[in-house]
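Thanks for asking me to look this one over. Here are my notes, in numbered points, to read with the model open beside you.

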Amino acid sequence: MVGSYLPQPEVKDDAGRNVLVDEILGSSFAVIGLDRDPSPHFDALSDALSIRCLTFGQSAAGATMLTDPTGTLQRWFAEHNAEFVIIRPDRFVFGAYTVGTIADASAELMAQLGQTTHS
């Protein structure tokens, strides 16, 4: 999954509009959770990198909630045993994570970008 291109199905946003995933991601890094809100793990990076947190599937309080009527993203996550992915601005996958490894993801991203966070 790492280094692969993110599938681009049409999804429904919070307002019920049909849009391509690409239109939702923005121009910076994005973190996508499948039925899980990734935003608590990336609070420290939200200012530094303008990371966009998205959740596909069940509702989440902090992240933008999207649905995938085609099931494309659900199948893609399942094929790769991932629950979260970090997407680079060029739409390639930076990293894939599970609930057990997502806590390390923000530090890994900052290390790769040569930045540090302040707690």
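1. Let me begin with a local pair. Arg-88 and Asp-90 form a salt bridge, with 2.6 Å between the closest N and O atoms. Please bear in mind that this is a predicted model, here and in every point below. Arg-88 has 30% relative accessibility and so counts as partly exposed. Asp-90 is partly exposed too, at 38%.

2. How many salt bridges does a search of the whole structure find? There are 4, and one of them joins Arg-17 to Asp-13, whose closest N and O atoms are 2.4 Å apart. Asp-13 has a relative accessible area of 10%, which makes this residue buried because the cut-off for that class is under 20%.

3. The side chains of Glu-83 and Arg-36 meet at 3.2 Å, N to O. This pair links distant parts of the chain, 47 residues apart: Glu-83 belongs to the loop between helix H3 (72–79) and S6, and Arg-36 to the loop between strand S3 (30–34) and helix H2 (46–49). Glu-83 is partly exposed at 22% relative accessibility, and Arg-36 is partly exposed at 37%.

4. Arg-36 has a further contact, this time through its backbone. Its backbone oxygen lies 3.3 Å from a polar atom of the Thr-55 side chain. Thr-55 is a residue of strand S4. Is Thr-55 buried or exposed? Its relative accessibility is 0%, so Thr-55 counts as buried.

5. Strand S4 (residues 52–56) and S5 run parallel, paired over 3 bridges. The open sheet has 5 strands in the order S5-S4-S3-S6-S7, with mixed pairing. Strands S5 (64–66) and S7 (93–97) are at the edges with a single partner strand each, so one side of each has no neighbour in the sheet. On average, neighbouring strands are turned by 20° against each other, direction ignored.

6. Helix H4 (residues 105–113) packs on this sheet, where it touches strand S6 (84–87) and S7. The direction of H4 makes about 155° with that of S7. Which residues of H4 are buried? They are Ala-105, Ser-106, Leu-109 and Met-110. Looking down the axis of H4, you will find these buried residues within an arc of 135°, so they line one face of the helix. As a reminder, an α-helix has 3.6 residues a turn, so residues three or four places apart point the same way. The other side of H4 carries exposed residues: Ala-107, Ala-111 and Gln-112. Just after H4, Gly-114 has a positive phi of about 70°.

7. Helix H3 can be read in a similar manner. Leu-73, Trp-76 and Phe-77 are buried in H3. Their arc around the axis is only 95°, which puts them on the same side of H3. What do the buried residues of H3 pack against? Their partners are strand S1 (10–12), helix H1 (21–25), S3, S4, S6 and S7. Turned away from that buried side is a face with the exposed residues Ala-78 and Glu-79. Just after H3, Asn-81 takes a positive phi of about 50°.

Methods. Residues are numbered from 1 along each chain as its sequence is written. This is a predicted model: local features need pLDDT of at least 70, side-chain atom pairs count only at pLDDT 80 or more; totals for chains, interfaces and linings use all residues. Side-chain values use heavy atoms; hydrogens and water are left out. Two strands pair if DSSP finds at least two bridges between them. Helices (H or I, at least four residues) and strands (E, at least two) are DSSP runs, numbered from the N terminus. Axes are lines fitted to C-alpha atoms, for helices over the stretch in contact, and angles run from 0 to 180 degrees between N-to-C directions. Contact means heavy atoms within 4.5 Å. Buried means under 20% relative accessible area, exposed over 50%, partly exposed in between (1.4 Å probe, protein chains only). The arc is that of the directions from the helix axis to the C-beta atoms. A polar contact is a pair of N or O atoms within 3.5 Å; within protein, one must be able to donate a hydrogen and the other to accept it, and residues adjacent in sequence count only if both atoms are side-chain atoms.
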